[in-house]
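This report looks at how the parts of a protein model are arranged. Please view the sequence and the structure before reading on.

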Amino acid sequence: MTPMLTDLGIAFGRVAFVMLFVLNMGGLLTWVERKQSAVMQDRIGANRASIFGLRLFGLFHPLADALKMLTKEDFLPARADRILFTLAPFVSVLFALVAFAAIPFGDVLQVGGREVPLQAVTLNAGILYVFAMLSLGVYGVMMAGWASANNYALLGGQRAAALMISAEVAIGASIMGVAMVYGSLDMMEIIRGQGRPLFGWLTWIPAWGIVTQPLAFVLFLTAGIAATKRIPFDFPEGESEIIGYFVEYSGMKFGMFMMADFVETVVIAGLTTALFLGGWQVPYLAADGFRFPWGAALTLARPTVVALGVLAFCLKVAMACWFLMLIRWTLPRFRYDQAMRLGWLGLFPLSILNVVVTGVVLLAWRSA
Amino acid sequence: MELVTFFGVAILAVASALGLVLRRNPIHGALFLVVNLGCVAVLYLLLGAEFLALAQIIIYAGAIMVLFVFAIMVLIPGKEETGPDPLRPQRLLAVPLGAVLLLEAVLVLRSHVVGGGSSRFPGHQPGSPLAAVPPAVRPGGIESVGRLLLGDYLFAFEVTSVLLLAALVGVLTLAKRKAE
C-alpha cells in the first residue's frame, strides 16, 4: 500500500468511527429514552416492533421509526419560506453531528510507522471548536420557527434560541475552569492531564476533572441538559401541551429535529467524558500496562492499552448518556422564566466564580 | 488542495456578501452575513490562524448574528421590507465612501505585494509549513494570541473591555429610563 493510500485510509477510519459512533448512539438513545422512562415509570414501554417474531426488548423501534418517518408525507405550509423551511432541519442536525469531531476517543495509535491520534480532527483549540459548533446550532431552530410562517412556531423558535444561548454561555464559562487546571484547550492534552495522580496522600485518585473541578462539573451538566432542549428544559417544544418551533414539520424533517436533540445528548455526554471523566483514561492504566498504587502491575502490549482506552471511552459516554436520561425523567419541566433565571442568575455567575476561585488557587499553588 | 479550498470559499464569500446586499428580505440578508462570516473564518483557518477562525465563529456567527436574527424576528414580523427607507438620501454617500475604501484596499495590497510582506512572529517565516513551528510561537495559535493580548497589547485590551462595559451600563440606564 502506498503511503498516500495509508494516510487516506487512516483519515477515513478516524472520521468513520466518530460518525458511526455518534449516529448509532443517537439512534440507540431513542430506544433508551423510551425503555428507561418506561422502567422508571413502572411501564413496559415500546416492545411491539418485531422481525420474524424477534422483539429484542423493542430494539427494532428506532428502525420502525425511521421507516415510518421516511414514508410520511413531506408537507410544506403554504406561506412558508420554501428554502429556509427545508434548510432548517439540516442546519440543526449538521452542527450537532460535526461537534463531536474534536473529541478524542482514544490515545495515540501507531499504524504503519505513523502516530495516529484517535480523534476525527486534531485541533489546537479543540474545546473552542466544539463550542463554536454548538453555538451555531441555534440557527436551525430560529430558521425553523421563522420559516414556518406560524406565530406559535415563531414563539417556540424564540424560546428555543433564548434557552440555547443562555445554556451555551454557561457551558463556555464552566469549561474555562477545566482549561485553566489542565493548561490547554487541546482535548488530547486535557485528557492526558487527567491521567496524572492527585497530590499528597490522594495519589491513588486520578486527577479527573470531576475531582479537580466539581462545581464546574455540576454547572456544565446542568447547562448541557438545557442545551439539548429536552425535559426538564423542553419548553421550546413542549410535546404534550405548548407548541414548539417544529409544529409545521412532518416526516423525516421532524425526525431530523428529534435526531439533532439526541445527537446533542451524545455530544454533551462525550464532552462530559472528555473534560470531567478522564476521557479514554482507565484508572491505573499507564502506557505499558496496569500500575496499581499498591505495587501490583500487569504489563500489556501497546495496542491492547489503546483498545482498552477506546472501550473505556465508549462505556463512559454510554454511562453519561444514561445519567442524562436519568435526570431527564426525574425532574418536572421548568417554566420559561425559571429556566432563564437559572441560566443567567444561577449558572453563569457561579461559573464565573468558579473561574475566579480556580485562578486564585492555581496562582497560590504555583507560588507555593 | 489549499488553492481549491481558497477559491471555493472565496467565491462563496463574495456570493454571500452580494446576497446580503441584494436580498430585500432582512432575515435572508442576516443569514447571508452568517455564511459570509463563516467563509472568512475558513480563510483565517487556511492562513493558519486557528484561534482567530474559531473566535470569529463563536463571537460573530454564534453570538452577535444570533442576536441580530433574533431582533429581526421579533421586530419585523412580515416577510417583506417595511415601508420606504427613511435613510434613503444617505445611500448617495455610499459611492464616494466605497471608492475611498477600494483605493485604500488597493494601496494596502500593493505595498504588501511589493514589500514582500513580513511576519510579526519570531521564529516563523512566511511560507514555511506551520507544523514545523512550535505551538508557543505559532502565529494565530492560542498561545501567541494570548501572549500578545495580555502582554504587548494589555492596555488596549483592558481599555476595550472597559469601553464595552461602559456601553453595557449606558444601554441599561437608557432602557430603564424609558420604562418609567
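## Chain B

The model is predicted. In chain B there are six helices and zero strands.

Chain B has 180 residues, and 18% of them are buried. Of the contacts in chain B between residues at least 6 apart in sequence, 45% link residues at least 24 apart.

## Where chain B touches chain A

How many residues does each chain give to the contact? Chain A gives 18 residues and chain B gives 18 residues. On the side of chain B that touches chain A, the elements giving two or more residues are α2 (26-46) and α3 (50-75) of chain B. Of the elements on that side, α3(B) gives the most, with 13 residues.

What kinds of residue make up this side of chain B? The side of chain B that touches chain A has 15 nonpolar residues, two polar residues and one charged residue.

## The nonpolar core

The largest nonpolar core holds 122 residues. Which of its residues touch the most other members? They are A:V130, A:V263 and A:V266.

Methods
Residues numbered from 1 in each chain as written. Chains lettered and ligands numbered in written order. Predicted model: local features only at pLDDT ≥ 70, side-chain atom pairs only at ≥ 80, totals over all residues. Core = buried A, V, L, I, M, F, W, Y, C linked by C-beta atoms within 7 Å. Buried ≥ 20, exposed ≤ 12 C-beta atoms within 10 Å, placed from the backbone. Helix = DSSP H or I, 4+ residues; strand = E, 2+ residues; numbered from the N terminus. Contact = placed C-beta atoms within 7 Å. Nonpolar A, V, L, I, M, F, W, Y, C, P; charged D, E, K, R; others polar.
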